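Subject: Structure handover

Hello,

Here is the structure I promised you. Please open it and keep it beside this email while you read.

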Amino acid sequence: MDLAAAPGTVVRAAAPGAVTFAGEVAGRPVVVVTHTGSGAPPLRTTYLPVTASATVGTGVAAGDPIGVVATGSGHCPVGCLHWGLLRGDRYLDPLALLGSGRARLLPLAPP
């Protein structure tokens, strides 16, 4: 899911858990929070491009800052945050964590 966010915007954990990755993937900074007690395998939220302020092993509560949006999201005309939710290697709708709506895909170009 892409969320509009300018570089430097504080990024907060969507749910409680622990930071299990904070580093680069394919040249972009990524933070991963694993949500303990969320089943097997546990749910993980991913945030990119995010320069981490929380280190691996840090426990976080929902709403705790984990980093800031970095420059270079890749495809957004202005800054954006890519927010994902996974169980194992399967991507899920991250809005499920918030108990609101469903994700909708927008057209690539205006009609």
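First, a definition: two strands pair if DSSP finds at least two bridges between them. Helices (H or I, at least four residues) and strands (E, at least two) are DSSP runs, numbered from the N terminus. This is a predicted model, where local features need pLDDT of at least 70, side-chain atom pairs count only at pLDDT 80 or more, and totals for chains, interfaces and linings use all residues. Residues are numbered from 1 along each chain as its sequence is written, and side-chain values use heavy atoms, with hydrogens and water left out.

**The sheet**

Strands of a sheet pair through backbone hydrogen bonds, either parallel or antiparallel. Here, three strands make an open sheet, in the order β2-β8-β6, with antiparallel pairing. β2 (10–12) and β6 (50–52) are the edge strands; each has a single partner strand, so one side of each has no neighbour in the sheet. From one strand to the next, the twist averages 40° (axes are lines fitted to C-alpha atoms, for helices over the stretch in contact; angles run from 0 to 180 degrees between N-to-C directions).

Now the bridges. Three of them join β6 to β8 (residues 65–69). Val-50 stands opposite Val-69 in β8. Thr-51 has Val-68 as its bridge partner. Three bridges also join β2 to β8. On that side, Val-10 has Val-68 as its bridge partner.

**The core**

Which residues touch the most other members of the largest nonpolar core? They are Val-11, Tyr-47, Ile-66 and Leu-81, in a core of 15 residues. A nonpolar core is a set of buried Ala, Val, Leu, Ile, Met, Phe, Trp, Tyr and Cys residues joined through side-chain atoms within 4.5 Å. β4, β8 and β9 (80–87) each give two or more residues to this core. Leu-81 has contacts (heavy atoms within 4.5 Å) with residues including Met-1, Val-11, Tyr-47 and Val-69, not counting residues up to four places away in sequence.

**His-35**

Find His-35 in strand β4 (residues 28–35). Is His-35 buried or exposed? It is buried, with a relative accessible area of 4%. Buried means under 20% relative accessible area, exposed over 50%, partly exposed in between (1.4 Å probe, protein chains only). A polar atom of the His-35 side chain lies 2.8 Å from the backbone oxygen of Pro-16. The backbone oxygen of Val-33 lies 3.4 Å from a polar atom of that side chain.

Best wishes

Key. A polar contact is a pair of N or O atoms within 3.5 Å; within protein, one must be able to donate a hydrogen and the other to accept it, and residues adjacent in sequence count only if both atoms are side-chain atoms.
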